[in-house]
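This briefing is meant for a reader who is meeting the structure for the first time. It begins with a pair of strands and then widens to other parts of the model.

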Amino acid sequence: MKKSCCNSRLALWLLSISFIVVGWGCSTQKNTLPNRLYHSINAKYNGYFNAKESYQEGLRRLSDMHTDNYDQVLKVFRYGTEQQAASIANNMDVAYQKASIVIRRHSMNIRGVEHNPWIDASFFLIARSHFFKRDFTLANLTFEYIVRTYDSGIKYESKIWMAKCYHELGQYPNALQMLERAQANDRNGLLDRDASRLLSLVFADHYIRQENYAAAIPHLEAGIQKTRSKRESTRLAFIQAQVYLESEQYPQAQQTFARVLKMNPTFDLAFQARISMARAYAPGEGGGDFIRSELTDMLRNDRNRAYRDQIYYALAELARRQDREGEAIENYMKSIEVSEGNNMQKGLSFLRLGEIYLDRPEFMKASVHYDSAMVYLPQQYEDYAKVSQKKNVLSSLAGHIRVINREDSLQRLAGLSESEREAVVEGIIAELREQEQEARQREQDMMRAAQQIAQSRMQQGNIGGRQDGGWYFYNPTAISYGRTEFFGMFGDRPLEDLWRIGNRQTADFDFAMDDAGWETGEEELETGDVFDKQTYLRNIPLSPEQITASDRRIATAFFNKGMVFKDRLSDYNNAISSFETLMSRFPDNDRKLLTYYYLYTLLRETGNHSRAEIYKNRLINEYPESGYAQIIGDPNYLENLTARQNYAADLYRQAYEDFVAGRYQEAVRKSVLADTLEIPKSLKGQFSYVNALAKGRMGQDEAFREQLELVVRDYTGTPVYQPASDLLASLGAPPPRVAPEREELADAEVRPEGPASIFSHNPSSVHFYVFVVESGRVNVNEFRNFVNAFGSASFPDRNLTSSSIFLDERRQLITVTNFPNQESGMGYHEALLASEDFHAFETRFIRHFLISVDNYPIFYQEKDAEAYGAFFRSRYLSE
């Protein structure tokens with residue numbers, strides 16, 4: 001009875017409290033216990049609870065979608081791709097909306113103090129929802145608001161999340177600053193265990209993103225020690241092993257991969273740990289035989305059948321680290337052969353083969369394997385751009401080598417008797433027929449093997465981990481993949497006979513001119529049926545004219561080959577070899593001056609000063625007036641020239657100021673002094689014109705007239721020529737007695753223009769038209785074809801020719817020659833601007849201008865298209 005009475009009183013008390021809460025709890029501006037209870041309970045168990053549920057559901061979905069890429073160091077945090085983030089946007093929007101309602105309805109911010117403990121948590125949830133929607137700027141602002149406004153554990157954790165935002169925005173110095181602040185908070189005991197763990201992992205992520213792997217290791221170890229989940233700590237240990245591997249701490253990497261295997265990892269993680277141990281093999285440390293044995297055992301396990309490509313790749317990596325190159329090549333090839341849809345792995349195997357052949361060096365084989373690597377490597381591959389660039393360079397180099405081999409082969413045939421030539425060609429055709437038959441047999445064997453694999457899988461009712469989806473011809477995905485396989489093995493081939501033959505060089509001597517590289521200025525050779533003797537015989541150079549044309553193709557290919565080695569591969573020894581072979585075989589080639597100059601600079605660069613002097617002397621003796629002779633004759637030529645011209649520009653500025661201020665005698669003195677300086681003709685003309693105007697102001701009528709006549713006579717084509725002519729024509733009237741206004745001087749272009757240019761303006765010189773093309777932005781082959789077609793169509797009587805060389809790693813220089821003077825060249829410029837076909841290209845990535853033969857070597861030495869472009873606009877377009 002007594003117990004029942006107590007229960008009744010408790011119920012009555014709770015009921016009273018509930019009435020008080022309901023009656024008084026709607027106010028957010030009264031700091032009373034009922035109000036705090038009402039808003040706190042409603043915030044936590046209503047809006048905040050639902051917001052957090054939606055947020056966590058989004059994170060679960062994001063985690064399920066994540067796929068680790070074991071070809072790179074795994075991501076410490078799984079944020080997902082942009083597409084994956086977009087798929088959970090609705091979850092994050094719900095979290096944001098519900099948390100916002102909590103803040104609007106239940107915030108008890110009274111005189112700057114928040115009395116509801118769930119408001120800062122709601123802001124924290126909103127900031128993280130912005131983060132996972134990839135709105136990092138808004139997220140960062142929200143975290144910053146929390147740090148400024150609240151004084152709780154969430155404040156200190158928000159600093160860590162600010163660092164994460166800065167990481168995604170690429171602002172690493174700001175990220176490090178926030179991490180160091182959070183680290184100080186952690187030392188003072190202001191972070192709980194989970195926040196302290198997060199700090200360690202964000203620190204590790206900070207250094208891994210910047211490839212400072214050694215600095216990441218202690219933070220990863222600290223994060224592992226603070227991680228409660230065994231699954232997560234195993235994954236972090238694997239990342240730590242990868243980081244040891246990337247920092248070339250091979251024994252530690254081996255030990256940590258072995259540690260992962262003892263942590264009961266998932267099948268994928270265990271498999272990758274064993275594979276990675278091969279990459280972590282340290283020569284001299286031992287254990288290679290054990291690793292090879294482990295990998296060989298994995299090959300025998302049917303469960304690993306779908307992963308044989310990775311196992312063979314690991315065996316190849318182990319062999320390569322043991323300097324067993326032949327074994328490495330064999331295993332890379334096996335990795336390619338057994339690959340069943342893993343394009344990344346196949347691409348990596350082709351890439352490693354390309355690297356081996358490039359190191360040997362066997363450039364033709366390297367080019368083929370880099371080409372194949374680019375077929376399979378996805379654009380997301382971290383070194384995709386570098387590999388693509390190297391592939392393009394090697395394709396260009398291979399093209400020039402093929403031209404040399406082809407022309408040499410044709411010339412050797414030309415040296416045989418007619419019966420001997422026909423016998424050689426018949427032998428080539430017989431070999432082609434045999435290769436074709438072998439290729440057909442290999443194709444049939446591959447088809448039978450593919451059918452057997454498909455039938456075996458269907459019988460097992462299992463597609464083996466990769467989910468290939470049944471027999472090839474019934475599977476649209478497999479058919480699509482088959483097309484990619486075809487292009488990877490055989491290239492994008494036209495519908496023609498003998499497409500299977502891999503060595504087309506044997507088949508047709510590469511009769512089609514190579515697309516990569518520089519313009520050769522020659523027509524393409526004729527191609528045809530590879531089983532027809534005439535296909536070969538009609539391209540053999542028999543006449544003196546044909547031999548000369550063939551020699552010109554070889555010489556051009558040697559020069560371009562040397563340029564690739566010099567500018568794009570930085571392989572100076574091979575560049576020297578190419579240029580010296582060019583000079584040995586073709587001593588009077590069209591590029592002798594440039595070849596001398598490159599040999600001089602390359603030999604100096606490689607420390608062979610005695611041989612460099614030989615080419616220096618040849619250049620100076622044979623081309624004494626060239627810009628290159630001046631440059632190498634005086635090592636400080638360009639610096640001294642710039643200094644002299646800067647001095648002249650400053651002197652002119654002073655003369656101009658003297659003239660404007662009425663100090664005419666001083667203006668004349670400075671103008672006369674300029675006659676002793678080696679300066680561009682246009683600047684000398686400006687001095688001479690100021691001299692004339694100053695003498696006119698001083699009343700020296702005859703001297704005024706004579707000086708104007710000198711300007712008109714000696715400075716034709718400069719900016720002061722026309723105003724001096726007009727003034728001279730008006731001298732029937734009394735000479736001017738008042739100083740010209742500043743505007744008159746500006747019209748005559750005598751106003752100082754700042755530091756003098758290193759370029760000179762000579763309108764009567766022979767000119768070239770130059771295009772500086774960003775090769776990564778514009779299809780250079782297509783643009784070169786346009787330049788040739790445009791010149792032929794628009795100026796058929798000029799016999800314009802074009803050539804192309806690399807200005808640097810990313811720009812090609814296409815030069816159109818020759819124009820007898822500026823006026824002729826500007827006609828080309830104006831016609832170009834009116835061409836619709838020209839504007840069809842991405843012209844913002846193409847700089848183009850007219851340049852005199854005097855300025856061309858200086859421009860090529862400086863490679864500053866912007867500086868010369870400014871000179872061109874001021875001297876050529878302002879007239």
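In this predicted model, strand 4 and strand 5 form a hairpin, with four residues lying between the two strands. Strand 4 covers residues 801-806 and runs antiparallel to strand 5, to which six bridges join it. Strand 5, made up of residues 811-819, has eight of its nine residues buried, so the rest of the structure largely encloses it.

**The sheet around the hairpin**

- Four strands form an open sheet in the order 4-5-3-6, and the pairing in this sheet is antiparallel.
- Strand 4 and strand 6 (846-852) stand at the edges, and because each has a single partner strand, one side of each is left without a neighbour in the sheet.
- From one strand to the next, the twist of the sheet averages 20 degrees.

**A pair of packed helices**

- Helix 9 (residues 193-209) packs with helix 11 (residues 230-246) at an angle of about 30 degrees, and the axes of the two helices are 13 Å apart.
- Because angles under 35 degrees count as roughly parallel, helix 9 is roughly parallel to helix 11.
- The crossing of helix 9 and helix 11 is left-handed.
- On the helix 9 side the contact involves Arg197, Leu201 and Ile208, which meet Glu232, Leu236, Ile239 and Val243 in helix 11.
- Sorted by class, the contact of helix 9 with helix 11 has five nonpolar residues and two charged residues, with no polar ones.

**Backbone features in loops**

- Most residues other than glycine have a negative phi, and most peptide bonds are trans.
- Asp323 has a positive phi of about 60 degrees although it is not a glycine, and this residue has its place in the loop between helix 15 (308-321) and helix 16 (325-338).
- With a relative accessible area of 72%, Asp323 is exposed.
- Ser570 is partly exposed, with a relative accessible area of 46%.
- Arg360 and Pro361 are joined by a cis peptide bond, for which omega is about -5 degrees, and Pro361 lies in the loop between helix 17 (343-359) and helix 18 (363-376).

**The protein as a whole**

- The secondary structure of the protein comes to 39 helices and six strands.
- The protein has 879 residues, of which 47% count as buried.
- Among the contacts in the protein with a separation of 6 or more, 66% are accounted for by residues 24 or more positions apart.

Notes: Residues numbered from 1 in each chain as written. Predicted model: local features only at pLDDT ≥ 70, side-chain atom pairs only at ≥ 80, totals over all residues. Heavy atoms only, no water. Buried < 20%, exposed > 50% of the residue type's maximum accessible area, 1.4 Å probe, protein only. Pairing = 2+ DSSP bridges. Axes fitted to C-alpha atoms, helices over the stretch in contact; angles between N-to-C directions. Parallel < 35°, antiparallel > 145°, perpendicular 65-115°, else oblique. Left-handed = near helix turned anticlockwise from the far one by under 90°. Contact = heavy atoms within 4.5 Å. Nonpolar A, V, L, I, M, F, W, Y, C, P; charged D, E, K, R; others polar.
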